[in-house]
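The sequence and structure come first.

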Amino acid sequence: MNTSKKLSLTLAASVSTLAGIHMLNSYITKKSIKNNITNLSNNFYETKFGKIAFYETGTGSPIILLHNLSSYSSSFEWKKIIPALSKTHKVYAIDMLGCGYSDKPNITYTTFMYVQILESFINDIVKEKTDVIASGLAASIAIMASCYNPNIIHNIILINPVEIKKAILIPNKNSIIRKKMIHFPILGTLLYNICTSQNNIKKELLLQGTYPNLKMLELLTQIRHETAHLSGYASKYIYMCIDGYYTTASINKAIQKLNHIHILIGEHLKNSNDIASQYCSLNKTISVTTIKNSAVCPEIENCLSVVKAIKKICN
């Protein structure tokens with residue numbers, strides 16, 4: 001067999017393999033979103049980075065809800081607490097750019113970008129000083145926004161906030177390589193689909209907390225799996241930025257300056273005591289409330305206790 005034929009066969013095999021992987025990626029996406037359980041938004045807001053979806057309801061003093069910053073998170077996570085909060089507050093539940101039903105542009109996502117989006121949203125939509133409730137990695141966004149502009153946020157309530165030692169990580173050689181790998185059109189999408197498979201999502205939840213209620217574990221897995229595959233492969237862009245430490249921020253000094261931070265933390269979150277101590281060691285005015293019978297998502301697992309704690313702070 002001459003060299004030309006060998007190259008032709010190799011090329012044909014490579015094209016066939018890539019076509020097969022592309023079909024597999026498409027199948028995974030369609031299967032992941034077939035139940036369509038996570039759509040909550042009823043409005044859109046155009047930012048200079050892209051359009052974000054949000055849900056608005058209720059009357060009274062405003063509260064903004066910021067879900068955890070990840071490819072598998074969305075405003076749907078607040079669905080259980082919104083009805084109770086909206087009785088006394090104007091509630092805005094935002095799908096962060098790159099998440100949920102918001103635009104998912106192929107850009108580098110950073111905390112500073114999200115701070116700009118939050119500030120613009122408050123100025124253009126809320127139009128008054130507001131309380132902000134932020135989950136997980138979104139804690140950095142609320143903290144930095146309040147530090148940059150003290151006139152836009154009253155109370156900051158952090159639900160299972162990111163560990164400070166993780167919030168300050170910066171891109172390194174390995175994380176940059178991982179980011180580039182996931183960015184590849186077909187193989188990178190397959191890698192993303194593997195990382196956000198139901199099995200891997202469930203493993204991550206079990207690594208972060210304990211779940212006596214297995215039905216809750218299955219529900220959280222289903223919600224995260226669907227959300228991670230909305231808009232096809234586009235969710236991988238924020239995933240690779242988070243995994244590559246592009247969405248981190250040095251929040252130490254900002255925490256020291258603020259005197260209106262409150263933490264709600266899941267009782268069964270495995271590193272809950274460590275997280276609370278990291279924040280309180282920087283600022284003694286921070287209050288900490290443990291949410292019983294909850295781990296990674298107290299706002300879903302024990303919504304009544306979360307609402308009670310929020311109302312105690314915001315009313």
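Is Asn68 buried or exposed? With a relative accessible area of 16%, Asn68 is buried (under 20% counts as buried, over 50% as exposed and the range in between as partly exposed, with a 1.4 Å probe and protein chains only). Asn68 sits in the loop between β3 (61-66) and α2 (82-85); helices (H or I, at least four residues) and strands (E, at least two) are DSSP runs numbered from the N terminus. Apart from neighbours within four places in sequence, Asn68 has contacts (heavy atoms within 4.5 Å) with Ser73, Glu77, Ser135, Gly136, Leu137 and Ala138.

The model is predicted: local features need pLDDT of at least 70, side-chain atom pairs count only at pLDDT 80 or more, and totals for chains, interfaces and linings use all residues. Residues are numbered from 1 along each chain as its sequence is written, and side-chain values use heavy atoms, leaving out hydrogens and water.

The whole structure holds seven aromatic pairs. Rings of Phe, Tyr and Trp (its six-membered ring) pair if their centres lie within 6.5 Å; planes under 30 degrees apart are stacked, over 60 edge-to-face and the rest tilted. Two edge-to-face pairs are tabulated.

| Pair | Centre to centre | Angle between planes |
|---|---|---|
| Tyr45 and Phe121 | 5.6 Å | 80° |
| Phe112 and Tyr148 | 6.3 Å | 85° |

Tyr45 in strand β1 (residues 43-46) and Phe121 in helix α3 (residues 111-126) are 76 residues apart, and both are buried. Phe112 lies in helix α3 and Tyr148 in helix α4 (residues 139-148), so their pair ties together parts 36 residues apart in sequence. Ring pairs also join Tyr45, Phe54, Tyr92 and Phe121 into a cluster.
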